[in-house]
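Colleague: Please take a close look at one part of this model for me. I would like to know how its charged side chains pair up.

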Amino acid sequence: MTTSTSQLTTLFIVVALVCAFVPAFSVEEGEAKTLWDTCLLKITPKCALDIIGVVFGNGTIIDACCHDLVEEGKMCHDTLIKYISDRPHLVANETQYLKKRDDLWTHCVSVTKTA
């Protein structure tokens, strides 16, 4: 049962990433394209999946990913999660996702301060 739940969660995360980021990368010009390119280069794909798993599911995050997230910066984190949560199939729970985003940021900042 746990394996099925884990596989389902992973599938949801991958689908969410594809739905969320493919439209962002199709932007030809402008500040949004620069922001996506800048933010997504600062964090590993594994950590990006973990962050999305925490915000949009029941995932967990390791301390190393918290360090990457804090290095990425609050503006990048806030903007990217807001962009994903604005997707039509997610927008109904946007308030919940934004709270989880902020809780994750607070947790990661505290982790980096203790290290």
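Modeller: Start with R101. R101 has a relative accessibility of 11%, which means that R101 counts as buried. Buried is under 20% relative accessible area, exposed is over 50%, and partly exposed lies in between, with a 1.4 Å probe and protein chains only. Shared partners then join K74, D78, R101 and D102 into one network.

A word on the model. It is predicted, so local features need pLDDT of at least 70 and side-chain atom pairs pLDDT 80 or more, while totals for chains, interfaces and linings use all residues. Residues are numbered from 1 along each chain as its sequence is written, and side-chain values use heavy atoms, without hydrogens and water.

Now K74 and D78. Their side chains meet in a salt bridge at 3.0 Å, N to O. Both sit in helix α5 (residues 74-85), four residues apart, about one turn of the helix. Helices are DSSP runs of H or I, at least four residues long, and are numbered from the N terminus. D78 is buried, at 19%, whereas K74 is partly exposed, at 35%.

Next come K82 and E94. K82 belongs to helix α5 and E94 to helix α6 (residues 94-114), so this pair ties together parts 12 residues apart in sequence. Their salt bridge spans 2.3 Å, N to O. K82 is partly exposed, at 32%. E94 is buried, at 15%. In total, the structure holds eight salt bridges.

Notes
Salt bridge = Lys/Arg side-chain N within 4 Å of Asp/Glu carboxyl O. Helix = DSSP H or I, 4+ residues; strand = E, 2+ residues; numbered from the N terminus.
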